[in-house]
Amino acid sequence: PAAAPAVAPSGPVKLLEVKTPDFGAESITEGTLQEWKFKVGDYVTKGELIAAIETDKVTVDVNAPESGELAEIFVKPDETAQVGTPLCSIKTGVPAPAAGAAAPASQPP
């Protein structure tokens, strides 16, 4: 059987809020958002690095919890991100853009 497409729309479209992750130490409660790897409207894949946050001790990678379209960015580069506060929202349940080899084959009529 043919392999399933890498990214398939999964049910209804919904917005998923991506929150600032725990930095691994209770004493660290905030960090500075270094950069976004994507911009609003880009398609991100589950597990893909989407942003980096730097604290006094460590740089924390933020990965997409689900595949979807980056819908909104709440924390801009060089702004402070508090643990647990929303960083961005991802619109899940939308198909991947039809470009490149990852696009699912179209169904015959």
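Analyst: Lys19 has a relative accessibility of 43%, so it counts as partly exposed: buried is under 20%, exposed is over 50%, and partly exposed lies in between (1.4 Å probe, protein chains only). Bear in mind that this is a predicted model, where local features need pLDDT of at least 70, side-chain atom pairs count only at pLDDT 80 or more, and totals for chains, interfaces and linings use all residues. Residues are numbered from 1 along each chain as its sequence is written, and side-chain values use heavy atoms, with hydrogens and water left out.

User: What makes Lys39 exposed?

Analyst: Its relative accessibility is 55%, so Lys39 counts as exposed.

User: Why is the contact between Glu17 and Lys19 called a salt bridge?

Analyst: The label needs a side-chain nitrogen of Lys or Arg within 4 Å of a carboxyl oxygen of Asp or Glu. For Glu17 and Lys19, the closest N and O atoms are 3.0 Å apart, so the pair qualifies.

User: And what makes Lys91 and Glu69 a salt bridge?

Analyst: Their N to O distance is 3.9 Å, so this pair also meets the cut-off. Lys91 sits in strand β8 and Glu69 in strand β6, 22 residues apart; strands are DSSP runs of E, at least two residues, numbered from the N terminus.

User: How do you know that β2 and β7 pair?

Analyst: Pairing takes at least two DSSP bridges between two strands. β2 and β7 have 3, in the antiparallel sense, so they count as paired.

Conventions: Helix = DSSP H or I, 4+ residues; strand = E, 2+ residues; numbered from the N terminus.
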